[in-house]
Every structure is written in C-alpha cells, then in structure tokens.
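Hi everyone, thanks for having me. Could you put the structure up on the screen, please?

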Amino acid sequence: MTRLLYVQGVPIWRNVVALRWAVQVVSAVVVLSTIALFLLNVAREIEARDIPFGFSFLGRAAQIPIGEAVIPYDPSDSYLYGLIVAGINTIRASVLGVILATAIGILVGVARLSPNWLLSRIALFYIEVFRNIPLIVQLLFWLTIVLTLPKVAEGYVVADTVYINNSGIYLPWFEAQNGFWPWALITAIGAALAVYAFRRLSRREIETGQPSYPLLAATVIAVGLSLVALLILGPLAIDIPQIEGRFGRLQGGAQLSGSFMALLVGLVVYTSAFIAEIVRAGIQSVGKGQTEAARSVGLSGMLTLRHVTFPQALRVIIPPLISQFLNLTKNSSLAAAIGYPDLVSVANTMTQIAPAISLFMIVMVSYLSMSLLYSLIGNLYNRMIRFKGA
Amino acid sequence: MTARVAAPLPPATTIGPVGWLRKNLFSSPSNSVVTVVMAILLAWIVVNLGAWVVVQADWTVIVSRVPLYIVGLYPYEAYWRLTICLLLISVLLGMTWRAWPDTARRFSYGFGAIMLFVGVFPHEMAPVHRALLLLNLPAIGLGYMLTPRAGESGPGLLEAIAGGALSSMLDRAAVRLATAWCSVVRALLPSLYGVAFRLATAWCRAVAALSRMLDRVAIPLATALRRPARALAPALDRAAIFSTPRRMLTAVVVALVVTMILILGIDGVPGLDPVAPQDVGGLLINLLLAFFGIVCSLPIGIGLALGRRSSLPVVKVACVIFIEVIRGVPLITLLFMSRHILPLTLPEDLNVDRVYLAGITITLFSSAYMAENVRGGMAAVHPGQAEAASALGLRGWQTTLLINLPQGLRNIIPAIVGQFISLFKDTSLVYFIGMLDLVEMGRVSVQGNQEFIDNGREVYLFIALVFWVFCFSMSFISRRIEGNLGVGRR
Amino acid sequence: MAETKGFQSAVDIPAEKAEILARPLEERDDIVVCENVHKWFGDFCAVRDVSMRVKRGEVVVIFGPSGSGKSTFIRMINRLEEHQQGSIVIDGIEMTNDVRNLDAIRREVGMVFQQFNLFPHITVLGNITLAPQRVRHMPRGEAEALAMQLLERVGIPEQAQKYPAELSGGQQQRVAIARALAMQPQIMLFDEPTSALDPEMIKEVLDAMRELAATGMTMLCVTHEMGFAREVADRMAFFDEGALVELGPPDQIFNDPQEDRTKMFLDQIL
C-alpha cells in the first residue's frame with residue numbers, strides 16, 4: 001500500500017511538486033470558503049431582515065430633485081436617468097478640476113524650483129498648507145466664503161454681464177443657432193487641417209533645417225477657418241444672464257452654482273499642492289549634468305527645457321500625476337458634504353426610498369470603471385515611453 | 001618655494017546679507033520684478049488676514065466651546081482621565097529626547113507652548129484641569145530623566161544652561177551681527193567701511209564685556225550646582241529605569257494600554273466608569289481612529305502585499321481584487337457600505353457601535369494603499385539579496401520575512417508616513433456615518449446655532465489649523481527619520 | 001604642432017587650419033585669454049588670480065590635487081560657472097553678461113564631462129544631431145551624415161541607433177566627444193574624461209583624444225593621465241588651492257619643475 005505514496009523513491013510528503021500542489025489546493029479552499037461564507041451570510045441576513053435589495057427600482061420615477069443638471073432632468077425621470085445626470089455632474093467637476101489642478105500644480109511646482117528665494121518659499125508655503133488640511137475642511141471653508149457673498153439683488157455685477165452672488169457665478173454663454181452644426185463641422189475640419197499642417201511643417205523643419213513655424217501656422221489655420229465660418233454662418237448667439245421677475249431670479253447664460261464653485265476651488269487647491277510636489281520631484285530628478293551638457297552643446301534655455309529636461313521629467317511625473325487625477329475624481333465625492341449633486345450625493349438622497357445597498361453598489365462600480373480608465377491610460381503611457389536600456 | 005598668500009576676499013557684493021539678497025532675490029531684472037510683486041502681494045495678504053484675525057473675527061464660537069471640539073460629549077467628570085493620558089504622552093516625549101535631541105526638542109517646545117497657552121489662556125476651564133495641563137511641562141523633564149544618561153558626567157542639561165552657554169551664545173550673535181553690518185556697509189558705502197569696522201569692533205567688545213559679567217554670575221552658579229548634581233547622579237542613574245530599547249518599548253506599550261483604559265473606562269471600577277463610544281467625539285475620536293488605523297493597517301497592508309506577491313494563484317487574485325477595488329472607490333462609499341453591510345455579517349443581537357465600523361473601514365481602506373506601498377518597496381530590493389539568502393540556505397518564507405521585507409519597509413518610510421498622514425486626514429470623513437468628530441462638531445456649531453451662523457470661517461480655520469499641526473508634525477518627523485536612516489543615500 | 005609629436009593621422013585637416021598649424025606655436029594667435037580670473041563659492045576662494053593664454057591648436061593639460069579649482073577653471077571657459085573678477089576672452093569674444101556673446105562662445109567651445117551626461121531618452125544619433133539641427137538649423141540628412149562621420153572617427157558607427165544606457169562607459173564617453181564635435185567647436189574642454197571609466201576603457205577614450213589633438217584642435221584637458229600628457233600636451237598647468245602654480249612644457253614639468261609644490265605632487269602620483 002505505502003508503495004503508492006512513493007514517487008521515484010521519494011515519499012510524497014517530501015516531494016517538492018506535490019507539496020506545492022497541496023499548498024495551492026489548501027489555500028484555495030480556505031480563501032474561497034471564507035469568501036463564500038461571507039457572501040452567504042450577507043445574503044441570508046438580507047433575506048431574514050427583509051432588507052430591500054435588487055435593481056428593479058432603476059426604471060421607476062426617482063421623484064427627487066437634482067439641483068444642477070447639465071442635461072435636462074425632471075423628478076419624473078427614472079432612477080437610472082437620475083444617476084446618469086449625477087454621474088455627469090461628477091465628471092464635470094472632475095474634468096474641470098483635473099485641468100485646473102494640473103495647470104496650477106505645474107505653476108507652483110516650477111515656482112518651487114525658482115532661483116528667487118521669496119517665490120520658492122511662497123510656493124513651499126502653499127504646498128505645505130494645503131496638502132496638510134483635510135479636503136472636507138477646505139470645502140466647508142470655501143463654501144462659507146461663497147455663502148458670505150451678497151444676495152442676488154445686491155450681488156456684484158461686472159460689466160452688466162457677469163453676476164457674482166451667494167447663489168453662484170453667472171456668465172454670458174453661447175447659444176446655438178441655425179448654422180451651428182455646419183459651423184461645428186467646419187471647425188472640426190479646420191482642426192484636422194491644423195494638425196496635418198503642424199506635422200508636415202515640423203517634419204520639414206527637421207528635414208531641411210529651415211525654420212517653418214509649425215505652431216504658428218497650425219493656430220492660424222484652426223482659428224482663422226473657425227472665425228471666418230463664424231462670421232459667415234452666425235451660428236452662435238451670446239446669452240447674457242439677466243435678473244427676471246419679481247423675485248429677482250437670474251435667468252440665462254451659464255451658471256456655476258455656489259457649491260460647484262466651492263467644490264472646484266477646494267479640489268483644485270488641494271490636488272494642485274500634491275501635483276506641485278510631483279512636478280518638483282520630476283524636474284529635480286533630471287540631473288544637473290543634463291542641463292550642463294545641453295548648455296555646453298549650445299542649446300538655449302528654452303531648447304534645453306523642451307528637448308532635454310522636459311522629456312525626461314515627464315517620465316517621472318506622469319504616473320503619479322495620473323494617480324492624482326484618480327484621487328481628484330474620487331475626492332469629488334465629498335461634494336455630498338456641501339450640497340453639490342454628484343453621484344454619491346444623489347445616490348445618498350435616493351436611499352431614502354430606494355434600496356441602499358444596490359444603489360451604492362452601482363456607485364462603486366461607476367467609480368471602479370473610472371479608476372480602470374485612468375489606469376488604462378497610465379499603462380498605455382508607460383508602454384509608450386519605455387525606452388531601452390534604462 | 002612660493003609664499004602662500006592669504007586667500008583674497010570675494011567682492012563685497014557677493015557675500016553676507018547683501019550677497020544673499022543679490023543672489024536669491026535680485027539676480028536679474030526679471031527676478032527683481034518677481035520679488036517686488038511677490039513682496040507686495042504677500043504684504044497685502046498678511047496685513048488683511050492679520051487685521052481679520054485680530055479685529056474682525058469673532059472667536060467666541062471657538063473659545064466658548066473648546067471642550068466640544070477637543071473631546072466631544074465626553075463626560076465632564078472624566079476629563080481628568082484624559083489629562084492623565086496627556087501626561088503619559090508627555091513622559092514618552094521626554095523619553096525620546098536623548099535619542100533624537102533635535103526633533104524631540106522642537107516637539108517639546110511646540111507641545112509645551114500649546115499646553116502653556118491652553119492652561120493660561122482666559123477661557124472657561126477648571127483650575128484643576130489647568131494645573132494638570134501645566135504639569136505636562138515637568139512631565140517631559142521626568143521622561144528625560146527616566147532614560148539613561150549615556151556617559152554624561154552630570155545632569156548635562158543643568159550644566160549647559162548655567163555653564164556660560166548663554167554668554168557664549170551672546171558672543172556668537174554679536175559677532176554675526178557685526179559681520180553682517182560690515183558686509184552691508186562694504187557693499188553699499190565702501191568709503192565708510194573703516195568707520196563701520198571700528199564701530200563693529202567696539203560693539204563686539206561691549207558685548208564680550210557684558211557676557212564676561214554674565215559669566216561671573218553663571219560660573220559660580222554652575223559650580224555650586226555641580227556638587228548637588230554630582231550627588232544626585234547615582235540617584236538619577238537608578239531613576240533611569242528605561243535603559244534598554246526593550247524596556248522603552250514596554251513603557252510605550254504600557255502607556256498606550258493605560259491610555260486606552262483611561263479613555264474608554266472599565267465597567268465596575270470606581271472612578272473608571274465606561275464612556276459610551278458615541279460620546280467620544282471631537283478631535284479625540286479623530287486621533288483614536290487614526291491611531292487604531294495606523295497600528296492595524298501596517299500589518300494588514302504587509303499581509304496583503306505578501307499575498308499579492310505570493311505564488312498561490314487564489315491568494316494572489318483575492319488580494320489583488322481586494323486592493324484594487326478598495327483603491328478604486330472613494331472612502332465615503334465604503335463607509336456607507338460598511339454601515340449597511342458590515343452589521344449583516346455579525347450576529348443580529350450584537351449591536352456594534354458606529355465607532356468600530358468606522359475604525360474597521362478606515363483601517364481596511366488604508367491597508368490597501370499600504371499594501372501597494374509595501375509592494376513597491378519590496379520590488380525595489382535588489383534581486384541579489386534574495387539570491388544571497390537562498391544561497392545561505394534560508395527557506396522561501398525566511399528570505400521574504402528576514403531579507404526582503406525589512407529592506408522593503410526601509411525603502412518606503414516616507415511613503416508609510418505619507419499614508420499615515422492621509423489616514424489621519426481621512427478620519428474627517430466619518431461624519432458620513434453620523435459620528436461627531438472635530439469637523440462635524442464644527443459644522444454643528446455653525447449650522448446648528450443661529451448665534452454662530454456667520455462664524456463659519458473662524459470655525460473652519462481653527463479646525464484646519466488643528467489638522468495642519470498634526471499632519472505637518474508627522475511629515476516633519478518623517479523627514480527627520482529619512483535623514484537619520486540615510487534613505488536614498490546608501 | 002601635431003606633426004612634431006611623432007604619430008601619423010589619417011584625418012584630413014582643412015586648408016586654412018593647416019596653414020595656421022604649419023606655423024610654430026609662438027607665432028599663432030591666442031584663442032583663450034584669461035586675465036586675473038577669480039571665483040568664489042560663498043567665502044571660499046575656488047579660483048584665485050589665474051592668468052593664462054592658450055594658442056590656437058595648442059593642447060594644455062591641467063592637473064593638480066582634487067579641490068584645486070582646475071574643474072572650476074575650465075567650466076568658467078564656457079560659462080558653466082560665472083567668473084567674478086578678471087576677464088576671459090574666447091577667440092576675440094569677451095565673456096560678459098551679453099546673451100549673444102554667451103551663445104557665440106558656447107558654440108565655439110565644446111565640452112566633455114566626467115560623467116558623460118549623454119541624454120538618456122534619445123538615441124546616440126539623436127544625441128549628436130540634436131544641437132546641430134536645433135541650433136544651427138542643419139537639415140536632417142546633413143546632420144545625420146555629420147554624426148555618422150563623427151561616430152566613424154571615434155570608432156563606433158555601429159552603435160548609432162542604440163540608447164546611451166546600452167553602451168559601455170568608454171563608448172558613452174566617445175559618443176560624448178562626437179556630440180561635442182558636432183557643433184564644430186574651435187576649442188574642446190575635457191573635465192576628467194577618463195576618471196569614471198574602467199581601466200580597459202581608458203585607452204579607447206584617450207586614443208580618440210589623441211586623434212583629435214592631431215587634427216589641430218585647441219584642447220584644455222583636466223586629467224591625471226600623465227602618459228597622455230607627456231605624449232600629447234604642448235604645455236601643462238599645475239593648479240593648487242585655486243591658483244595656477246606652474247605652467248610649462250611637459251619636459252620642464254616632469255624633469256625640472258620650478259615649484260616645490262609641483263614636484264611634491266608629481267612625486268605622489270607617479
């Protein structure tokens with residue numbers, strides 16, 4: 001009998017391969033059964049305590065108001081549609097936040113490296129102050145600042161077109177007219193032409209050594225074509241906000257609500273402090289020898305920055321930068337605390353009548369897919385920049 | 001042989017304060033413009049903010065309800081327990097003084113200043129509590145004395161203070177001032193340099209005379225003190241009971257356990273009536289949650305990281321899914337889920353307080369990030385290390401635990417502290433499951449009181465300052481440790 | 001006086017250069033003129049009162065103990081360090097704060113560093129063609145042809161498409177020499193070019209430098225390779241504590257140093 005337990009003269013409990021398999025199987029059983037136990041437990045409790053669960057509610061009318069919506073929304077619309085509206089609000093805050101935070105973060109990070117002592121200290125102060133205060137406190141603070149602005153009737157008015165008051169900022173905005181789509185098409189074609197011209201001229205500059213001004217030419221083509229079409233077709237009217245009615249409500253134009261402004265400022269200031277540190281570290285990671293070498297072969301300051309410092313710093317900067325973008329997107333969920341109707345905020349309101357667990361599962365899956373998108377971009381970039389040898 | 005001439009002096013405009021200004025603020029026209037613009041902007045902000053803080057702001061909303069922000073609804077009768085906890089922390093701080101003199105000194109000054117300020121500042125506070133707060137200052141000294149005096153011949157602190165330290169400091173400051181003055185004059189008015197030099201010499205001489213006078217008092221005093229100090233030394237040596245790292249660690253652990261017992265109380269012990277978890281609020285709950293999270297998330301994070309590196313596919317996949325899901329969603333959605341799902345996994349009659357739910361969630365959240373840090377640190381360890389360990393006959397798990405892990409952790413000390421900081425900041429989100437932490441207390445103070453409805457700015461600035469002090473201190477310590485260990489300089 | 005040094009070179013020397021190089025050293029014009037140059041780092045005097053004239057086509061080897069200011073001195077010749085007193089004139093262009101002068105000087109002067117400082121993110125070819133294309137606006141084909149020619153000269157044409165990190169130290173340093181030559185400088189500075197190299201790679205770099213000297217390039221080399229100095233240098237300069245202690249032909253420096261400090265230092269290293 002014991003013969004069976006021997007493989008090539010070695011007992012099976014001393015055989016490396018067999019042992020490895022045994023460990024694999026045991027670990028699999030332990031992990032899977034723990035997870036199964038957990039899930040079964042939850043499922044049983046949901047049933048036993050009669051906790052609402054399921055996704056059939058999504059088609060029903062949500063009947064909750066959403067304060068701000070980019071696409072038209074009405075409380076009689078379905079839950080699903082309400083969640084989409086809220087998701088667009090999240091994306092709106094995130095995209096604007098990412099753009100502004102990157103711009104300010106780069107400025108502050110570069111200022112941190114300035115030879116000017118005062119500027120560099122101010123940048124350091126900015127970084128150390130804003131990244132060491134919880135975002136939620138900053139949001140609440142900015143909200144109080146917005147709320148201390150005067151009421152609509154007594155608000156600030158700039159040039160009769162921009163209204164600033166405690167309900168937000170109202171800006172003149174464009175309104176599409178008849179010729180909008182043809183104009184948009186022409187603008188798109190112009191942009192494509194500009195890209196083509198840019199590439200063509202850049203290559204020419206490299207090939208022949210003649211200065212060909214690709215950036216200038218591309219800008220002229222894109223802007224010029226769009227402007228000419230604008231003048232001929234007249235596709236856009238400008239919608240100026242105005243105070244209407246007895247109650248002095250502001251109508252028209254583009255509205256940036258107070259809570260949106262507070263959220264945006266908070267997210268941008270907080271994230272830009274982190275981005276500034278990333279940018280500083282990235283630029284510093286390019287050794288002094290590189291700049292010296294560039295200078296000694298005669299490259300000017302700008303050319304050194306463009307061809308030597310930046311391409312190398314970017315490799316160090318981009319991966320953590322993308323993770324900051326993800327952080328900003330996740331942090332935009334704190335909007336729930338200051339009344340901006342983002343995904344979490346709206347879902348939270350919906351839990352009053354709809355099953356909470358299902359709702360938040362949807363919310364988590366939405367955030368997960370956004371994270372996935374970011375890491376996809378990050379991985380693509382990493383693959384693109386990988387250079388040999390280093 | 002050529003005579004070695006003394007090194008020529010650099011041009012006056014390149015050294016001293018003038019040189020510093022030229023180099024750092026006015027090195028080029030554009031730089032000068034930046035300096036001027038920034039200086040004006042800075043002055044404008046400082047003046048306006050200062051005026052607001054001193055004149056316009058109404059700080060009653062803070063001053064009248066300090067305990068609410070710090071400890072929430074913690075019962076007044078039990079405040080003394082918290083002040084004792086503070087005293088224990090002071091002793092621990094004093095114990096670190098000899099190990100990290102620089103860092104501990106700064107922290108002690110800061111901590112002492114806060115205690116002094118709160119203890120003396122006119123606001124509602126019982127004299128007993130004031131006295132207990134002020135006791136923290138001697139408590140730091142006590143901690144200092146409890147650690148061994150590595151080879152010092154007497155109590156070094158006393159001698160340093162009495163033995164002419166002050167006068168030599170004076171001398172040094174005077175010389176530095178005189179040098180600066182000379183270099184300014186040399187740069188701006190070279191013709192007056194001789195006069196300036198003579199003036200500076202006279203000034204130095206005067207200060208030296210003054211410090212000699214001080215010495216005449218200080219040196220006898222030091223001598224007089226030295227005798228009792230010598231007599232005291234053996235007693236102090238005996239008092240230094242925390243003489244080994246192991247004893248120190250024991251002291252830390254005991255102090256922490258005592259702290260927890262004091263804060264939460266024990267049922268049935270007179271004077272230690274248990275405090276309901278929901279009554280622990282304000283800054284105290286932020287600190288407790290952060291502490292709990294910090295202590296637990298590191299080991300869990302290490303476990304997850306090891307799981308992710310493991311060769312067992314199921315373990316690996318489970319860890320990857322856990323880490324990536326947690327890192328992919330905002331904390332407040334997790335808090336929300338924990339409020340609804342965690343209780344379901346527990347027996348129905350066990351009523352778990354929100355505090356524990358929040359603690360568990362924050363810990364798990366943080367450990368997922370910690371796991372990624374640990375993994376990064378371990379990946380940075382040179383593969384040769386593991387090969388060397390295998391060659392020495394260490395088993396796989398021994399290699400991981402004894403070679404890879406310690407080196408990996410050392411690589412990521414800054415990242416770990418960074419994670420602790422963000423964990424502490426994240427404790428401000430527990431309002432979402434209805435806990436009364438510092439931020440929520442502030443919000444309630446503003447929005448729940450008609451009286452203070454316009455004082456939001458004061459409240460949030462105060463809260464921001466409190467959080468900032470803690471987070472900045474942590475990052476300061478991290479930089480110190482990094483410097484001491486020479487991370488990245490090996 | 002490449003011919004007199006006794007090794008044959010296959011490289012063509014341009015006619016106008018050949019004409020100058022045909023003259024004896026004393027009759028050529030000065031291409032580098034330094035008068036009473038000083039440099040401080042804070043209070044520390046790194047270079048004190050150095051005056052030196054270098055003839056066109058001359059090879060000067062600078063040596064001395066570490067911290068003696070020799071690197072700082074040659075870094076001042078292309079303004080990587082700013083001199084604070086005295087004057088430096090390169091090929092008739094005075095080094096001032098005038099940006100146009102600085103650009104002109106940087107184009108006149110090539111430099112090779114101890115740590116190579118190649119750009120790691122572009123290929124060897126890209127490293128060499130970057131400056132000619134961007135600064136001199138040379139067409140790509142021409143720039144690449146020039147680069148290949150230079151790589152041929154330093155002996156590694158087959159490495160053109162690789163990235164710097166894939167090359168050995170000696171190869172990297174030869175690419176660095178080619179990169180500096182691509183801007184067709186009048187003067188080449190070498191800041192301890194062989195100090196970071198393994199022994200077996202030193203020779204290949206020194207060979208490249210020898211060959212360069214043979215073409216009549218004006219060279220200032222900070223190096224401790226005394227064999228190279230004896231063979232190639234027209235003059236040698238000994239620096240100590242920031243000062244130029246002794247300047248003279250290799251024969252004099254090695255066999256009959258005028259200063260005790262020079263003698264002591266040479267005794268230590270030889």
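So, which residue of chain B forms a salt bridge with A:Glu128? It's B:Arg479, and the closest N and O atoms are 3.8 Å apart. By salt bridge I mean a side-chain nitrogen of Lys or Arg within 4 Å of a carboxyl oxygen of Asp or Glu. Between chain A and chain B the count is 1.

Quick housekeeping: this is a predicted model, where local features need pLDDT of at least 70 and side-chain atom pairs count only at pLDDT 80 or more, while totals for chains, interfaces and linings use all residues. Residues are numbered from 1 along each chain as its sequence is written, chains are lettered from A and ligands numbered from 1 in the order in which they are written, and side-chain values use heavy atoms, with hydrogens and water left out.

Back to the interface. On chain A, 51 residues are in contact (heavy atoms within 4.5 Å) with 56 residues of chain B. Together the two chains bury about 4,600 Å², with 75% of it on carbon and sulfur atoms. Buried area here is the accessible area, with a 1.4 Å probe, that two parts lose on being put together, summed over both. A:Arg49, A:Asn132 and A:Met364 supply 13% of what chain A buries against chain B, more than any other three residues.

Now over to chain C. There, an open sheet of 4 antiparallel strands runs in the order S2-S1-S4-S5. Strands are DSSP runs of E, at least two residues, numbered from the N terminus, and two of them pair if DSSP finds at least two bridges between them. S2 (44-55) and S5 (93-94) of chain C are at the edges with a single partner strand each, so one side of each has no neighbour in the sheet.
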